[in-house]
Amino acid sequence: MFLGLLAILFLSIPAQSQDVVSHHQKNTLLGDKGLTGGFVGFSTKLGETNKQEDAWLGGEVAAIFGNNLAIGVAGYGLINTIESPNLDFNDSPQFYQSGYGGIYVEPILFNRKVLSLSFPTVLGGGGIAETRVGGVIDDFEDFDLEASDLHNSDFFWLAEPGVAVNLNISRWMRLSAGASYRYAYSVDSALVEDDRLNSLNGNVSLKFGWF
């Protein structure tokens, strides 16, 4: 009888321990999605700033969880000449210099297929300033921008949701093309109005990593 009671007691300990572990298990944003890959992307964006065609160059660094969600950071800089409507104190033209970045989130559908669909989104902020120097592309040899050249600068918040079609070239290379909408707010209206930074963009990205 005594041996039987001991056997029942020892058999019940693992079950109780499992209940305690299950009861105290924490819920997380990613659930049980493990790390399944990651990438470094190099991107070009074409849209409008101040009603002039713009070009942005930048990239993303992200980890992929559960084969269907990429989370990381992104950043982009304006590389062509965008003229400001304002003149400096010498009545000379001024140009915009700008950049933005933030958290990068990209839900991915059909990630294991040759063609996949994703929804890349950037949430963050950026800066814009008026300078005497044009963009990198148009004035590459004269692009000697210094801190003293920047004035009337301002910070802005930004959200840029998008959609992209991705071509899996290989296990480690992916080509993406799509569109996004850049929405900026809290910009000083004396420098540039919010809606002059808002734009529909065409995007192309080449990503290297493990997909």
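Modeller: Accessible areas come from the Shrake-Rupley method with a 1.4 Å probe, only the protein chains shown counting as cover for residues. The model is predicted: local features need pLDDT of at least 70, side-chain atom pairs count only at pLDDT 80 or more, and totals for chains, interfaces and linings use all residues. Residues are numbered from 1 along each chain as its sequence is written, and side-chain values use heavy atoms, without hydrogens and water.

On the surface, a nonpolar patch is formed by Val 114, Leu 115, Val 165, Leu 167, Ile 169, Leu 175 and Val 204, with about 590 Å² of accessible area together. Strand S8 (residues 151-170) gives the most to this patch, namely three residues; strands are DSSP runs of E with at least two residues, numbered from the N terminus. Leu 167 is found in S8 and counts as partly exposed because its relative accessibility is 34%, between the limits for buried (under 20%) and exposed (over 50%).

Asn 203, in strand S10 (residues 199-210), is buried, with a relative accessible area of 14%. The side chain of Asn 203 makes a polar contact with that of Ser 180 at 2.9 Å. A polar contact is a pair of N or O atoms within 3.5 Å; within protein, one must be able to donate a hydrogen and the other to accept it, and residues adjacent in sequence count only if both atoms are side-chain atoms.

Conventions: Helices (H or I, at least four residues) and strands (E, at least two) are DSSP runs, numbered from the N terminus. Buried means under 20% relative accessible area, exposed over 50%, partly exposed in between (1.4 Å probe, protein chains only). Patches are made of residues with over 30% relative accessible area and no salt bridge: like charges are joined within 9 Å, nonpolar side chains (Val, Leu, Ile, Met, Phe, Trp, Tyr) within 5 Å. A salt bridge is a side-chain nitrogen of Lys or Arg within 4 Å of a carboxyl oxygen of Asp or Glu.
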